[in-house]
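Reader: I have the sequence and the model open. Can we walk through the sheet and the charged pairs?
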Amino acid sequence: MTQPKRVYGTEHDSPATGPQPGRTYRELTGGPLDGQLIEVTGWTDEQITTGAYLITPHSAYGPGGRASYAPTISRPGGPWVWEGDVP
């Protein structure tokens, strides 16, 4: 049995870490959050196409640093790709 992908912001040992029905997600690819999902339910189209700076303990700037993720121009509805770390 395969494990569901973990949703960003949930605890790794939480029993309900996978995607929930009725919610919208984007997969994060590359970087420190590779393979996780970000929930974008209720986000505007502009917010979704802009991406986000996500706090991660595994940033190049240490705990509390952020990783920049956004969709690519060729796949605006596809996974969000790591663009780099920011303080």
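Reader: Which residue in β5 does Tyr-69 stand opposite?
Author: Trp-82. Keep in mind that this is a predicted model.

Reader: And what stands opposite Thr-72 in β5?
Author: That is Arg-75. β4 and β5, residues 75-86, pair over seven bridges in the antiparallel sense.

Reader: How many residues are in the hairpin that joins β4 to β5?
Author: The hairpin joins the strands through two residues.

Reader: Is β4 mostly covered or mostly open?
Author: Mostly covered. The strand spans residues 65-72, and six of its eight residues are buried.

Reader: How many bridges join β3 to β4?
Author: Five, and the two strands run antiparallel. β3 covers residues 52-56. One of the partner pairs is Thr-56 with Gly-65 in β4.

Reader: Zoom out. What is the strand order in the open sheet?
Author: β2-β1-β5-β4-β3, five strands with mixed pairing.

Reader: Which are the edge strands?
Author: β2, residues 37-39, and β3. Each of them pairs on one side only.

Reader: By how many degrees are neighbouring strands turned against each other?
Author: On average 35°, with direction ignored.

Reader: New topic: charges. How many salt bridges does the count come to?
Author: Two. In one, the side chains of Glu-27 and Lys-5 meet, at 3.1 Å from N to O.

Reader: Where do Glu-27 and Lys-5 sit in the chain?
Author: Glu-27 is in β1, residues 25-29, and Lys-5 is in the segment before β1. They are 22 residues apart, and the pair links distant parts of the chain.

Reader: What does Arg-23 form a salt bridge with?
Author: Glu-39. Their closest N and O atoms are 3.6 Å apart.

Reader: Which parts does the Arg-23 and Glu-39 pair tie together?
Author: Arg-23 lies in the segment before β1, while Glu-39 is in β2, so the pair ties together parts 16 residues apart in sequence.

Reader: What are the relative accessible areas of Arg-23 and Glu-39?
Author: Arg-23 has 46% and is partly exposed. Glu-39 has 26% and is partly exposed.

Technical notes: Residues are numbered from 1 along each chain as its sequence is written. This is a predicted model: local features need pLDDT of at least 70, side-chain atom pairs count only at pLDDT 80 or more; totals for chains, interfaces and linings use all residues. Side-chain values use heavy atoms; hydrogens and water are left out. Buried means under 20% relative accessible area, exposed over 50%, partly exposed in between (1.4 Å probe, protein chains only). Helices (H or I, at least four residues) and strands (E, at least two) are DSSP runs, numbered from the N terminus. Two strands pair if DSSP finds at least two bridges between them. Axes are lines fitted to C-alpha atoms, for helices over the stretch in contact, and angles run from 0 to 180 degrees between N-to-C directions. A salt bridge is a side-chain nitrogen of Lys or Arg within 4 Å of a carboxyl oxygen of Asp or Glu.
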